[in-house]
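I opened the notebook to record what I looked up in this structure. The entries follow in the order of reading.

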Amino acid sequence: STITQLTIPSSVTSIGENAFNECSSLLRIIIPSSVTSIGNLAFNNCKSLIEISIPSSVTSIGNLAFKGCESISSIKIPSSLTVISNHLFYGCSSLSLITFPSSISTVGRESFNGITKLTIDGKIKVIPKNMFANCKSLESVAFISKIRSIEDNAFLGCSSLTSIVIPPSVTSIGSNTFSKCSSLSMIQILSSNISFGNNIFEGVTSLEVIGEMQSIPETMFSGNSSIKEIKIHPPISYIFNNAFKGCSSLTSISLPSSLTSVGNNAFEGVKSLEIRGDIKIIPHKMLYKNSSIEKITISSPITSIEESAFEECSSLKTIILPPSITSIESNAFKGCNSLSLISIPSSAPLIKYNTFLGVKKLEIIGSIQTIPNNMFSMCSSLTELIIPPSVTSIKSNAFKGCYSLEEITIDYIE
């Protein structure tokens with residue numbers, strides 16, 4: 001067809017299936033308010049179509065109605081519609097602005113596949129289940145409308161989505177919302193009061209979390225076996241119980257200086273962890289009774305490890321401390337009976353009582369120059385100790401009460 005513009009007469013009440021299918025030259029079409037329905041494939045592959053206005057009289061639009069309309073850049077959906085049908089805007093690669101009414105409650109399969117960048121406007125308050133599920137081309141989404149809720153699977157499988165900003169109006173995000181979004185690397189959450197479903201980021205491997213959230217809730221990452229790296233920014237101050245439980249691939253976490261408390265079993269299931277970021281203090285009982293952790297590397301400028309921070313980490317074998325460390329509080333490594341290697345910087349920290357209670361065989365590496373007062377005092381289970389050649393002095397009571405100590409290997413002491 002060579003038709004470029006068309007005005008449908010008011011005598012028409014419906015646009016049937018395939019009515020304008022493959023009208024590749026059609027640029028503009030005016031639909032009268034007499035029309036109540038648009039059939040399947042009605043405008044399929046109208047590749048030149050740049051302007052279409054859907055009147056509020058339309059109550060149903062069929063599957064694939066605008067499939068392949070690759071020149072349309074914006075469209076307004078009338079409030080008379082409650083359902084977005086299957087593949088409705090499939091392949092509309094130029095579509096970047098959709099104005100949704102609040103009436104939309106159901107979205108069909110792959111309705112937006114082929115769209116790369118999209119702004120959501122209008123009175124819509126809820127992003128329905130599966131709205132953008134498996135829209136593999138989608139790279140970015142912006143919200144102008146005041147969304148209150150993002151339901152289950154809304155962005156599931158959007159494998160090209162790299163970042164998203166959650167507006168302050170949002171109070172809940174459903175389960176699997178960003179699951180299998182393998183390219184997602186940043187989420188900005190502007191709401192300070194928001195609830196999360198389960199498995200939200202399953203399939204995401206590296207994620208930066210910024211915004212206004214005060215805490216990391218239990219369900220946000222729990223059970224996520226794919227996540228390897230997480231960066232958390234202020235004002236996060238609390239990590240809830242089980243927050244990263246089961247994150248078996250997690251090896252690096254960047255924590256903010258605003259963090260003051262960590263709940264029970266927050267990192268249970270993590271085996272090797274590098275702690276990065278601006279955090280200055282390892283909070284009380286941060287990994288308390290974590291039975292899975294085997295290695296901890298602290299790369300952040302930590303000055304203090306608080307009481308019982310790693311107490312009873314029964315599988316912990318190695319810990320690397322940063323040069324900034326100045327104090328280790330009581331019971332920090334108490335009950336870490338598998339601990340065999342610790343790296344301590346040249347400026348030995350102040351070490352409180354019972355820090356290494358339960359440790360049996362330990363090798364100290366690093367540039368430590370002094371074994372401080374009471375470092376191993378009353379460590380009755382300690383049987384063997386290796387001290388590095390950098391050590392030049394051993395202070396008072398360093399091994400007081402080490403009744404089981406049988407062997408100390410000292411490479412060099414002046």
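**Sheet**

I looked up an open sheet of three strands, ordered β2-β4-β6 with parallel pairing. Its edge strands are β2 (14–15) and β6 (60–61), each pairing on one side only. Strands here are DSSP runs (E, at least two residues), numbered from the N terminus, and two strands pair if DSSP finds at least two bridges between them. I noted that β4 (residues 37–38) and β6 pair in the parallel sense over two bridges, with Ser-37 opposite Ser-60 in β6.

**Source**

I worked from a predicted model, in which local features need pLDDT of at least 70, side-chain atom pairs count only at pLDDT 80 or more, and totals for chains, interfaces and linings use all residues. Residues are numbered from 1 along each chain as its sequence is written, and side-chain values use heavy atoms, leaving out hydrogens and water.

**Salt bridges**

How many salt bridges does the structure hold? I found four, a salt bridge being a side-chain nitrogen of Lys or Arg within 4 Å of a carboxyl oxygen of Asp or Glu. One of them joins the side chains of Glu-51 and Arg-28 (3.3 Å, N to O). Glu-51 lies in β5 (residues 51–53) and Arg-28 in β3 (residues 28–30), so the pair ties together parts 23 residues apart in sequence. Glu-51 is partly exposed at 45% relative accessibility, as is Arg-28 at 32%; partly exposed lies between buried (under 20% relative accessible area) and exposed (over 50%), with a 1.4 Å probe and protein chains only. I also noted Lys-352 with Glu-329, their closest N and O atoms 3.1 Å apart.

How values were computed:
Helix = DSSP H or I, 4+ residues; strand = E, 2+ residues; numbered from the N terminus.
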